[in-house]
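This report asks the reader to look at one protein model and to follow how its parts are arranged. The sequence and the structure are shown below.

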Amino acid sequence: FESNSIKLQEKLLNEEVDTLIDYDFDEKLFDAFPIKKENILLAVPKEFPVNEKLKDKALNESELHLLNTAEDKASLVSLSDFGKERFILLKQGNNMRKVSCKICEEYGMTPHIVVEVDQLLTAFNMAMAGMGITFVTDTLANATVKNDKLYFYRIKSEHSQRTLYIANKKKKYVRPVVSEFVKVARQIYGF
């Protein structure tokens, strides 16, 4: 089931779902287990003129795979360089929208939003179509790095990382299959 973070957490509290993968949880209501650290990147259509001065700082495939490792040497860019560009943001209620706004606030910037969408993949596809810049995760960028339509930039920001969690409702019986799912997911991502 897909929806925004608020609706998904309501479903977990109402026991309509057994577990949830998301980013922010109220520890009074949920038991949350970290499974993966993600980097927030800018996905910029290659045809945008701003790339002329910055494309040497765009992440290549190997740099994307090395983020958060000892070999990580990826360049950082300032969001201010993109201040006059068109942005595609997720709608309110999505964690990525909250993070995007925090990054913009950190730079004292109000993005020129051309469209708001419900899903990160929709924003990504619209950026690939040249409609604007969007914030994405390195997980998504790594899954689609073979594209020839976007540059990915690592943003210099205290908000450019987040942790992905698997959560259950507190004080609720957790079925063995759910416990095993949490265990396997944490092993895969090294938590």
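The sections that follow describe the strands, selected residues, the salt bridges and a surface patch of this predicted model.

## Strand S2 and its partners

Strand S2 covers residues 30–45. Of its 16 residues, 12 are buried, so S2 is largely enclosed by the rest of the structure.

Leu-42 has Phe-135 as its bridge partner in S6.

Strand S6 consists of residues 134–137, and both of its faces are covered. Thr-134 and Val-136 are buried on one side, while Phe-135 and Thr-137 are buried on the other.

## Two buried polar residues

Asn-95 belongs to helix H4, which spans residues 95–106. With a relative accessible area of 8%, Asn-95 is buried, because that value falls under the 20% limit for a buried residue. Which side chains make polar contacts with the side chain of Asn-95? One is the side chain of Asp-24, at 2.6 Å; another is the side chain of Arg-162, also at 2.6 Å. When residues up to four places away in sequence are not counted, Asn-95 touches Ser-5, Tyr-23, Asp-24 and Arg-162.

Ser-157 is located in the loop between S7 and S8. Its relative accessible area is 13%, and Ser-157 is therefore classed as buried. The side chain of Ser-157 forms a polar contact of 2.5 Å with the side chain of Glu-106, and it also reaches the backbone nitrogen of His-159 at 2.9 Å. Leaving aside residues up to four places away in sequence, Ser-157 touches Ile-103 and Glu-106.

## Salt bridges

Side chains of opposite charge can pair when their charged atoms come close. How many salt bridges does a search of the whole structure find? The search finds 10.

One of them links Lys-172 with Asp-18, whose closest N and O atoms are 3.7 Å apart. Lys-172 lies in the loop between S8 and H7, and Asp-18 lies in the loop between helix H1 (5–13) and strand S1 (20–22), so the pair ties together parts that are 154 residues apart in sequence. Both residues are partly exposed: Lys-172 has a relative accessibility of 25%, and Asp-18 has 29%. A second pair is Lys-170 and Asp-31, with 2.8 Å between the closest N and O atoms. Since Lys-170 is in the loop between S8 and H7 and Asp-31 is in strand S2, this pair ties together parts that are 139 residues apart in sequence. Lys-170 is partly exposed at 29% relative accessible area, and Asp-31 is partly exposed at 29% as well.

A further salt bridge joins Arg-97 to Glu-116, again with the closest N and O atoms 2.8 Å apart. This pair links distant parts of the chain, with Arg-97 in helix H4 and Glu-116 in strand S5, 19 residues apart.

Val-114 is found in strand S5, residues 112–117. At 37% relative accessibility, Val-114 is partly exposed. Not counting residues up to four places away in sequence, Val-114 touches Arg-86, Phe-87, Ile-88 and Met-131. Val-114 and Asn-68 are separated by 46 residues in sequence, and their C-alpha atoms are 32 Å apart in space.

Which residues make the nonpolar surface patch of about 290 Å²? Val-184, Ile-188 and Tyr-189 make this patch. Ile-188 lies in helix H7, which covers residues 176–188. The relative accessible area of Ile-188 is 62%, and this residue is exposed.

Key. Residues are numbered from 1 along each chain as its sequence is written. This is a predicted model: local features need pLDDT of at least 70, side-chain atom pairs count only at pLDDT 80 or more; totals for chains, interfaces and linings use all residues. Side-chain values use heavy atoms; hydrogens and water are left out. Patches are made of residues with over 30% relative accessible area and no salt bridge: like charges are joined within 9 Å, nonpolar side chains (Val, Leu, Ile, Met, Phe, Trp, Tyr) within 5 Å. Accessible areas come from the Shrake-Rupley method with a 1.4 Å probe; for residues, only the protein chains shown count as cover. A salt bridge is a side-chain nitrogen of Lys or Arg within 4 Å of a carboxyl oxygen of Asp or Glu. Helices (H or I, at least four residues) and strands (E, at least two) are DSSP runs, numbered from the N terminus. Buried means under 20% relative accessible area, exposed over 50%, partly exposed in between (1.4 Å probe, protein chains only). A polar contact is a pair of N or O atoms within 3.5 Å; within protein, one must be able to donate a hydrogen and the other to accept it, and residues adjacent in sequence count only if both atoms are side-chain atoms. Contact means heavy atoms within 4.5 Å. Two strands pair if DSSP finds at least two bridges between them.
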